[in-house]
Amino acid sequence: MLKAIGSKTNLSDSDITAYYQLVSDLLNNEVVLKMNEYNHHGRTTCFQHCLNVSYYNYKICRLLSLDERAGARAGLLHDLFLYDWHTYKRGKGERLHGFTHAYTSLSNVKDNFEINKLEEDIIAKHMFPLNLLSFPKYRESFVIVLVDKYCGLAEVIDYQAYKIINICRKMSFLRRKKIIAESN
Ligand SMILES: [Fe+2]
Ligand SMILES: [Fe+2]
């Protein structure tokens, strides 16, 4: 079952989500699925992060009467850089991942899919304002700038909460073990 962070909607249920109709070819594409192999934020894979961004892009673009199809599709492809940025060794003179990956993703997307100018701008500009020179040209590109930051933050918080819950579980297990040992 496919779900975006913070949402209960089953995104792979084509009967209830118009969203699925817009991106089903991408969700089943082997290049897109390759993003499952790379962790992005905490325990969130690149694929899940892109799904999160794609779904909320779609929702907000729809709400604002913008191009929801472009928002959904470019959102799903925006981080198609296909490497583990935590361990990636930069080439000589190559800038940090944060500054380069939008263009790497765009190049991979163009190698594998047909995209229009709006989708291109959404992918290329999603790291604004870190990439100050990549100022968004369309309103849909501003949407991804905000949605990408929101999802990244939610994914980091989700991971920290997961770690805290695990520590609490371990402590409660040890406490129970100690009580049982003392009562014997
Ligand atoms: Fe990104
Ligand atoms: Fe992203």
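A residue is called buried if 20 or more other C-beta atoms lie within 10 Å of its own, exposed if 12 or fewer do, and partly exposed in between, with the C-beta atoms placed from the backbone. In this predicted model, local features need pLDDT of at least 70, side-chain atom pairs count only at pLDDT 80 or more, and totals for chains, interfaces and linings use all residues. Residues are numbered from 1 along each chain as its sequence is written.

Ile115 lies in the loop between helix H5 (97–112) and helix H6, where helices are DSSP runs (H or I) of at least four residues, numbered from the N terminus. Because Ile115 has 18 C-beta neighbours inside 10 Å, it counts as partly exposed. Leaving aside residues up to four places away in sequence, Ile115 touches Val109, Lys110 and Glu120, contact meaning that C-beta atoms, placed from the backbone, lie within 7 Å.

In helix H1 (residues 18–27), Tyr19, Val23 and Leu26 are buried. They cover an arc of only 40 degrees around the axis, so they sit on the same side of H1, the arc being that of the directions from the helix axis to the C-beta atoms. Ala18, Gln21 and Asp25, on the other side of H1, are exposed. The buried residues of H1 pack against helix H2 (30–33), helix H3 (46–63) and H4.

Conventions. Chains are lettered from A and ligands numbered from 1 in the order in which they are written. Helices (H or I, at least four residues) and strands (E, at least two) are DSSP runs, numbered from the N terminus. Two residues are in contact if their C-beta atoms, placed from the backbone, lie within 7 Å.
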